[in-house]
Amino acid sequence: MPHPLDSFFAPASIALIGASRDHEKIPGRLLAMLRKNEYSGKIYPVNPNYAEIDGLACHKSIAEIGAPIDLAIVIIPARAVLPALEQCAAAGVKNAVIISSGFAEEGGDSAAMQDAIAALAKRTGMRISGPNAEGFFSHVQRVAATFSPAVDVKPGVVPLVATTKRIGIVAQSGGVGFAYYHRAKALGISTSYVVSAGNESDLGAGEFLDYMVQDTATDVILLFIEGIRDVDKFLAAARRAAELKKPIIVTKVGRSGAGERAAASHTASMAGWSAAYDAVFAKYGFIVSNDLDEALTIAALLVSNPLPKGDRVAVVTTSGGAGIWGADAVALQGLHVPELSLPIQAEIGKLMPSYSTARNPIDVTAQGVTSGGLQKSVDLLTVSDEVDAILVVLSLSSDVRKPFKEPELTPVLAVQHKPVVFYSYTVPSDFARREMAKSGVVVLSGLTHVGVAMRRIADYAKFSLPRAAEEVRLPARDLSAHLTSPVLSEADSKALLRAAGITLPDEVLVKEKSELDAAVARVGLPLVMKIQSPDIPHKSEVGGVRVNINTKGEVFLAFEALVNNARKHRPEAAIQGVLVGPMAKRGVEIIVGTMTDETFGPMMMVGLGGITTELFRDVVYRPAPVSAEEAGAMLAGLKAAPLLNGFRGAAKADVAALAQLIADVSVLAARHAGEIAEIELNPVLVHPEGQGVTIVDALVVGRK
């Protein structure tokens, strides 16, 4: 099915506005790159200062061309860009890439020029990439619409090609995007497209991602982002990729510039600068990598191997020490290196000298290369049900000798039974890379990255898109009467939650001492008493909580103490009274909360609760709403998950009830995103299986 960006990435004709004869300057390099990469369409240089450039007729303006133009590449001074684009639109140009800089990145009037470009794109329908972009490269169509030296073609150099599957690269930094391509090319990883999004006046990373997801020539996507502007398109593309099981490897930068966040709740104060991004990545199965070489190693495994069926790894080596090191690398990532069964060991043992070992790691020794033991061990392990992946650790430094024969290795790998990963502990020679590439092998040289990559693809193999949230379970209700001020007290917060359909314990707000007898009669002993004020969100810090009160006398004394403490520590606070409630049964303390992210909207958070919440920061975030099933997966992702599953003989907690509460609160947050900024339930006590949960404390923050 045609995509709106087909004519962008595969233009039949290109106008180069600002073309130059000087190949040392960017406009001249753009033309040179197009021709060196053998672009087969028509090229129209546009520059009033030349009659011809490099044998091509040069036009004074885009209007003078008089032929259909699919793509205009614009590299002229910033103040001349908008008039040139107006001429492009008038001439019916479908797409434009603005290489020119000097727009929003400078602020002021320059930012206003970029706003005008965005308005032009919206008004005319012409799709515009940039400004401040490094262009793009369509490898299949040979469209080098960039000045990046990474796409330069050197005479007489035969490209290294190890994979038939291709990676597509979407980057908000042109330099990094083409760095991915440059390194991928050195490894023999085939590429479909590289695109730099620049300032995203019109086309953004989300729309480019959408193109890569639907593109049949792209098998794996590498994504480098600082932030997402076209959020809806990005999320739609992410969901589609998850449905198609097309891997996306993402690097999100800008994680260290958090700045100060004024937040009333633990939920928001614990959210890092990129918590919402990580939550979205996790929801849609993105593979997160914060290192360029690591990301490419993951990509190499994905385009040259099938996904593993489990996490058991066999390590085959020609060096005992290197093999142990390889086993350590995968084991440190939580993968298993199981001892092989005696029958398998016996079979492998026949192929090797007596001083070798077949237990796992399997050391075939240097002699195993010449005797064929290395190849035959890989043959056996690829069809064995005892392991899910194979890591081959060897030296590939020779310029003349090769450890495998291409006719023997190629058919074994072509069957794609399981991943077979090749790591060279010496610097691999060009000869070795090219010989191994004939069998579809990408030779890797970073052991830690290999270990991480094998872990990531094992995790990705298990990923499935979570089921949609059950929004009909929680009835839609008008909560405006409960949101009369931005920050609510616990009592007011709980009143809102009850009105929304969330179950809470029966409690009484007592304003005067004379109301205590009736409150005790209603709630019963033992009970809990807490000071109530919208100005005191963290009551324990001012001595505002009394628990396990067993007599009426203690009730009256506690009331006075709580009010006096609040007035002493927070004299300016508006005191509503004291909340009297039943003493909850014991349970595992969990925090359940929501916050609103500026980019992605409401986020759901669960974590280890109580007063140590911020100390341990054992939390998991997901975009709201979530289903009970997804909530259960969030809980399973906590380091404290064993506490819910009967740790050290304790009763298994009611995880099902907790998951349903999380789902209900997430629906509430998503449904009322325009009114509610944050919700926090801390702690939620999770009782033994079948006994439900108790919300002990609650805080709701309205949108200001």
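**Pockets, cavities and helix packing**

The largest pocket holds about 1,200 Å³ of space. The model examined here is predicted. In total, 32 residues line this pocket, and those closest to its centre are F281, A282, K283, F286 and R622. Five elements each supply two or more lining residues: helix α9 (275-283), strand β14 (287-288), helix α17 (447-462), strand β26 (619-623) and helix α22. Of these, α9 provides the largest share, with 5 residues. By class, the pocket lining comprises 17 nonpolar, 12 charged and 3 polar residues.

The structure contains 4 cavities of 30 Å³ or more. The largest cavity has a volume of about 60 Å³. Its lining consists of P308, G310, D311, R312, V313, L335, D388, A389, P419, M454, I457 and A458. Helix α17 makes the biggest contribution to this lining, giving 3 residues. Helix α17 is also among the elements that give two or more residues to the lining of the largest pocket.

Helix α22 (residues 628-636) meets helix α24 (residues 655-671) at an angle of about 115°, and the two axes lie 8 Å apart. The two helices are therefore roughly perpendicular to each other. Their crossing is right-handed. On the α22 side, the contact is formed by A628, A631, G632 and L635. On the α24 side, V655, L658, A659, Q660, I662 and A663 take part. The contact has 8 nonpolar and 2 polar residues, with no charged residues.

Helix α14 (residues 373-382) packs on helix α15 (residues 406-414) at about 15°, with the axes 11 Å apart. This angle makes α14 roughly parallel to α15. The crossing of α14 and α15 is left-handed. Helix α14 contributes Q375, V378, D379 and T382 to the contact. Helix α15 contributes E408, L409 and V412. By class, this contact has 3 nonpolar, 2 polar and 2 charged residues.

In brief, the α22 and α24 pair crosses in a right-handed sense, whereas the α14 and α15 pair crosses in a left-handed sense.

Methods: Residues numbered from 1 in each chain as written. Predicted model: local features only at pLDDT ≥ 70, side-chain atom pairs only at ≥ 80, totals over all residues. Heavy atoms only, no water. Axes fitted to C-alpha atoms, helices over the stretch in contact; angles between N-to-C directions. Helix = DSSP H or I, 4+ residues; strand = E, 2+ residues; numbered from the N terminus. Parallel < 35°, antiparallel > 145°, perpendicular 65-115°, else oblique. Left-handed = near helix turned anticlockwise from the far one by under 90°. Contact = heavy atoms within 4.5 Å. Nonpolar A, V, L, I, M, F, W, Y, C, P; charged D, E, K, R; others polar. 1 Å grid on protein atoms, 1.4 Å probe; cavity = no way out; pocket = protein on both sides within 12 Å on 5 of 7 lines; lining within 4 Å. Points joined across faces, edges and corners; volume = space filled by probe spheres on them.
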